[in-house]
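Hello,

Here is the structure I promised to pass on. Could you look it over when you have a moment, and read my notes alongside it?

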Amino acid sequence: MVLLVMGAFGKSAQFPFHFWLPNAMAAPTPVSAYLHSATMVTAGVYLVSRITPVLGGTELWAIVLTVSGGLTMLIGNVLALRQHDMKLVLAYSTVGALGTMVLLVGLGSDTAFVAAMALLLAHALYKAGLFLVTGIVDHEMGTRELDRFSGLARLMPLTATAAALGALSMAGIPPLVGFAAKELGLKSGLAAGAPTLVVTVALVIAGAATVGVAAITSLGPFAGPLRTARDGGHEPGWPMWLGPLALGAVGLFAGLLPALGPGPLVSAAAETIGGARATYGIEPWYGLDLALALSLVGIAAGVIIFWRRLDVRGLVGRFDQGHRIGPEKVYVVGELWMLHTVKRITAVVQNGKLRWYLLIVVTAPVALIWLIVLWAGGLPPLAPEFDLYPWEAIVAGLIVAGAAVAVTTRSRLGAVTALGAVGFGIAHP
């Protein structure tokens, strides 16, 4: 279980492996949209979901997934608020979304499974669209720095529409599919049993940060007075804006009419994980309840975060010391230590001497075999028979002598000749 979880956590950037994903944003934004919104990083979430029927239901499984997922959710969403680069904002929020999915799978209820699968679907749609929007902005403005442009909706209305659809789903605003994922997640937190209060508070905090991120990546670049990083910005050709606009439209369709496809798909995935039909599914509206009230609290807090985003950015930056004392620092130090150690080992082992290489090749398997023999209790008692013919004893002596000469002589020709004698002796009938 530990090995499977470590592999899945590394793949889906869960704490303490969360730092790699924001550092892997060098690819063009269409590639990031493809890899980092759905297919690549959620493979770890898929893995823990598929093995939940086998390993789930235990206290260890629940603790590992909920603790790591909850920490990843908070770290990713909160650290997204301190970024200047539009793409990095989305990258850190991706870490937070992945943590939320793992947290929900760890809660173990049927509703939590539906919420996790609904978030997986919603995240694939809105995050891919927002990544593509970031690519358009970068293409037109020549930069992704959020402080250098605003009011781009006047120049790029279709791109702004795509950004709005993606951001509304990300913030969990009805009737987009992200609303269903957030509501079901809050319902799961409220029914989590002993850790209800902790999980619910964490979900509300992460939800507020997500709303702030959604506003930063949509309202920030496209609302307000027109301010461009360079002259000549305009709406790109349809091959660029069609993709994000279509993804936003699908997110709207999935939230309005879930029964026509997304709903049964998510329910089937949740049933595969939990083995039972959930009480809730994807719906456009869940009524007035405590989950909706908590959602509204998160939205209001997110609006305040966006309004005071510069202050929030400075506050988060003041407490962001992960690069100095966190897992990333441990990784960097460990990598440097490993490289230094490997260089020293290589200087000894790979010294260019064939004898040394042969010694290692021969000694290593012999040592391993003897370790296994000793672990098994040693060799069985031997009852050697000395009923040998004289010539057999002479041949055995030649084999031993040839082996001794082969490993001690400094003459290559002598070593080859001695090995030949050993071979002939072994082949003697």
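The lining of the largest pocket has ten nonpolar, one polar and four charged residues. In that division Ala, Val, Leu, Ile, Met, Phe, Trp, Tyr, Cys and Pro are nonpolar, Asp, Glu, Lys and Arg are charged, and the others, Gly among them, are polar. This is a predicted model, in which local features need pLDDT of at least 70 and side-chain atom pairs count only at pLDDT 80 or more, while totals for chains, interfaces and linings use all residues. Residues are numbered from 1 along each chain as its sequence is written, and side-chain values use heavy atoms, with hydrogens and water left out.

Points are joined across faces, edges and corners, and a volume is the space filled by probe spheres set on them.

The largest pocket holds about 600 Å³ of space. Its lining has 15 residues, and Leu354, Arg355, Leu358, Ala406 and Ala415 lie nearest the centre. At least two lining residues each come from helix 16 (354-375), helix 17 (390-408) and helix 18 (412-427), with helix 16 giving the most, six residues. Helices here are DSSP runs (H or I, at least four residues), numbered from the N terminus.

Helix 17 deserves a look of its own. Its 19 residues reach 27 Å from first C-alpha to last, close to the 27 Å expected at 1.5 Å a residue; the expected span is 1.5 Å times one less than the number of residues. Val395, Gly402 and Ala406 are buried in helix 17 (under 20% relative accessible area, with exposed meaning over 50% and partly exposed in between, for a 1.4 Å probe and protein chains only). Seen down the axis, the buried residues of helix 17 fall within an arc of 30°, so they line one face of the helix; the arc is that of the directions from the helix axis to the C-beta atoms. The face turned away from that buried side carries the exposed residues Pro390, Ile394, Val400, Val407 and Thr408. Helix 18 is among the elements that cover the buried residues of helix 17, where contact means heavy atoms within 4.5 Å.

A search of the whole structure finds one cavity of 30 Å³ or more. About 370 Å³ of space lies in the largest cavity, and 29 residues line it, with Thr100, Leu119, Lys182, Gly207 and Thr210 nearest its centre. Among the elements that give two or more residues to this lining are helix 4 (59-79), helix 5 (86-107) and helix 9 (196-222). Helix 9 supplies the largest share, six residues. By class, the cavity lining divides into 16 nonpolar, eleven polar and two charged residues.

Leucine 197 is in helix 9 and is exposed, with a relative accessible area of 64%. Leucine 197 and glycine 207 are ten residues apart in sequence and 15 Å apart in space, C-alpha to C-alpha.

Finally, please check two loops. Most residues other than glycine have a negative phi, and most peptide bonds are trans. In the loop between helix 1 and helix 2 (29-39) lies alanine 13, whose phi is near 55°, a positive value in a residue other than glycine. Alanine 13 is buried, at 0% relative accessible area. Proline 16 is in the loop between helix 1 and helix 2 too, and the peptide bond from phenylalanine 15 to proline 16 is cis, with omega near 10°.

The loop between helix 7 and helix 8 holds proline 175; the bond from proline 174 to proline 175 is cis, with omega near 5°. Leucine 176 lies in the loop between helix 7 and helix 8 and counts as buried at 4% relative accessibility. Its contacts, not counting residues up to four places away in sequence, include Leu165, Leu168, Gly248 and Leu252.

Best wishes

Terms used:
1 Å grid on protein atoms, 1.4 Å probe; cavity = no way out; pocket = protein on both sides within 12 Å on 5 of 7 lines; lining within 4 Å.
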